[in-house]
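Here are a few friendly notes to read alongside the structure. Please take a look at it first, then work through the points below.

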Amino acid sequence: MSKLVIASIGPASSVQDGGRTGAQRYGLVPSGAMDRLALAAANTLVGNEPFTAAVEVGPFGAKFTARGGAVRVALTGAPRNADIAGRAMASDTSATIADGEALTLGFARGGAFSYLAIEGGISGEPMFGSLAVNARAGLGSPYPRPLQAGDELPAKAASGAAERRIELPAATDAPIHIVWGPQDDEFTDETKKLFVDSEWKISATSDRMGYRLEGPTLKHLHGHNIVSDGTVNGSLQVPGNGQPIVLMPDRGTSGGYPKIATVISADLGRLAQIPAGHAFRFRAVSMAEAQAEARKFAELLRTLPERLRAIESVDLNIDALHDANVAGHAVSAVDAGTWHAVSLADVAGPD
Amino acid sequence: MRIPLAAKTRYRLSPAQELDPEKWVPLFPKRSCSKPKPKLRDRLEAMAATLPPPRLLPSGDSAITVEFSRNIDDAANRRVLALDRALAAEPIAGVTETVPTYRSLLVHYDPVQIGFDTLGEGILALAQLPAPATTKARHWRIPVVYGGEHGIDLEDVAKTLNTTPEEIVARHVAGDYRVAMIGFTPGWSYLSGLADSLHMPRRQNPRLLTPAGTISIGGVQTGVQCLAGPSGWHLLGRTAVRTYQLHRDPIFLLEPGDNVTFTPVDAKTFAEQDRAAEAGEFIAEQIAT
């Protein structure tokens with residue numbers, strides 16, 4: 001049987017899928033991919049169901065070696081340098097790693113998480129229908145913890161199918177959209193205005209449980225303790241220090257801080273990919289707008305297979321050029337913030 | 001027979017009368033007031049029909065927080081659990097899961113299948129239904145080893161409340177508790193029904209790590225903590241019962257709404273029970289009610 005052996009991997013890397021819903025009433029949070037679109041795109045590239053388990057790779061580098069046969073993979077999410085035995089692999093493409101070859105991933109050059117999908121998925125023992133790692137609950141398969149060097153991911157032998165790229169909507173640094181509530185009445189209108197009028201940065205102490213935000217102090221009207229109630233992905237809770245925390249897929253199922261607003265579901269993955277230290281803003285939208293966005297996002301996920309394209313030639317692939325840093329557009333490998341300023345138009349130049 | 005309106009609306013006040021109860025006049029003529037007092041059951045029904053509607057608070061585009069109270073409130077928690085059962089009995093298409101808490105029910109849904117307004121109307125209709133008169137709740141007896149290394153705060157709690165550790169244990173064991181919610185981490189069961197004489201503020205400095213199976217008190221609550229983790233509550237003891245255990249059927253032992261009482265055991269019994277629990281035994285006894 002083929003397998004991917006992890007030669008090296010940074011922290012915050014784990015097997016994730018669509019998550020396990022249905023047991024939040026028992027305190028078990030769903031977990032699952034931070035960026036669901038990137039997960040679904042990676043799986044679509046290798047012919048898997050969109051929310052099949054894949055490797056969520058954190059901001060640091062990683063190296064995977066194919067053993068026992070060739071393994072076909074796809075890479076999406078945070079852009080980073082990638083090569084298979086010296087051959088560049090572009091983001092948002094599939095590629096086959098021959099037996100004994102290694103796929104080497106560099107640091108994220110923007111964004112935070114990349115997704116490495118494996119053709120046929122990862123073999124493991126599902127718990128509540130999911131392989132997603134939730135280390136606190138002891139869940140996840142093949143390893144109920146973040147991945148580390150020496151781990152092995154069993155895989156199907158590569159099919160030999162033609163490699164593909166996928167055309168995703170262009171990256172944007174538009175504001176992250178929120179809807180107010182459930183506890184925005186714990187804050188004055190001035191505080192709410194401050195929240196949407198200010199620039200925010202994601203703190204380096206963020207993780208899969210929550211993204212801590214740095215910005216102006218948000219004052220509570222009646223103190224920072226409320227009787228615990230349920231949380232969702234994207235809940236913007238404001239603890240005593242007035243610095244909000246966005247709750248992410250490994251959050252606690254309940255929390256006792258007022259939640260001023262909630263990131264709309266369609267924007268959560270985009271928020272998850274904002275690198276620490278990069279400034280961004282929030283914008284409030286109505287429930288009708290948020291739900292229209294949610295429906296559009298569901299439609300995007302549903303139609304991902306229509307976005308698959310043949311790879312004409314690696315040399316002419318604009319993403320590959322971009323990744324190889326030879327498109328005349330210097331992208332700093334150190335300053336993670338540059339990616340969001342780069343659009344495809346910038347790389348290709350004006351017509 | 002039903003009282004047509006809630007009690008406070010039976011009097012019509014002019015602004016001048018408002019502050020003087022002597023001047024209050026019955027809204028209904030004497031004939032109505034002289035009728036025999038309605039039976040308790042009828043009055044309860046009438047009350048149910050006029051229960052204040054919960055607040056529907058948006059939690060993003062895919063969940064609604066149905067809030068019955070802002071406080072820890074037993075009546076509100078009963079309404080939360082009643083709505084949870086009602087939604088299970090009469091599912092609304094598009095609802096994906098529900099999460100009961102002390103004072104609110106979080107309803108997760110798929111906005112592709114149902115919108116906020118339609119779902120909100122459906123929830124309000126269910127929330128106005130009177131709670132079923134009898135709801136079968138399970139009753140669990142959970143053994144606890146109190147004090148010593150297993151309950152490192154017992155002595156301090158006794159000192160703070162000006163009594164003895166034995167008295168604290170007696171008060172805790174005497175309680176009839178109900179699982180108000182399960183949350184934070186898997187199996188962490190928050191119980192309502194803590195005696196007033198055991199209420200005390202949480203610790204100033206939460207501990208980063210407290211043991212699995214910890215039985216603790218905090219504020220007006222007591223709880224059964226399943227996994228090791230942070231806690232700002234006062235640790236009274238430990239139980240071998242795993243409210244969450246993989247590879248056991250069921251994986252989760254307690255349900256919101258279950259009744260719980262505690263029974264003291266010694267450290268040796270705890271150690272034996274802990275080994276048995278590790279092997280998959282429930283340890284908690286279900287008591288016939």
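1. Let's begin where the chains meet. In this predicted model, 34 residues of chain A are in contact with 38 residues of chain B. On the side of chain B that touches chain A, the elements giving two or more residues are the strands S3 (55–58), S4 (63–67), S5 (95–100), S6 (104–109) and S8 (177–182) of chain B. S5(B) gives the largest share, with five residues.

2. What kinds of residues make up the side of chain B that touches chain A? There are 21 nonpolar residues, 13 polar ones and four charged ones.

3. For the complex, the predictor reports a pTM of 0.84 and an ipTM of 0.88.

4. Now to chain B on its own. Its secondary structure consists of 16 strands and seven helices. Of the 289 residues in chain B, 38% are buried. Among the contacts in chain B with a separation of 6 or more, 62% are between residues 24 or more positions apart.

5. How confident is the predictor about chain B? The mean pLDDT of chain B is 84, with 81% of its residues at 70 or more.

6. Over residues 1–36 of chain B, pLDDT stays under 50. The model has 24 contacts beyond four places in sequence for residues 1–36 of chain B.

How values were computed
Residues numbered from 1 in each chain as written. Chains lettered and ligands numbered in written order. Predicted model: local features only at pLDDT ≥ 70, side-chain atom pairs only at ≥ 80, totals over all residues. Helix = DSSP H or I, 4+ residues; strand = E, 2+ residues; numbered from the N terminus. Buried ≥ 20, exposed ≤ 12 C-beta atoms within 10 Å, placed from the backbone. Contact = placed C-beta atoms within 7 Å. pLDDT = per-residue confidence, 0-100. Nonpolar A, V, L, I, M, F, W, Y, C, P; charged D, E, K, R; others polar.
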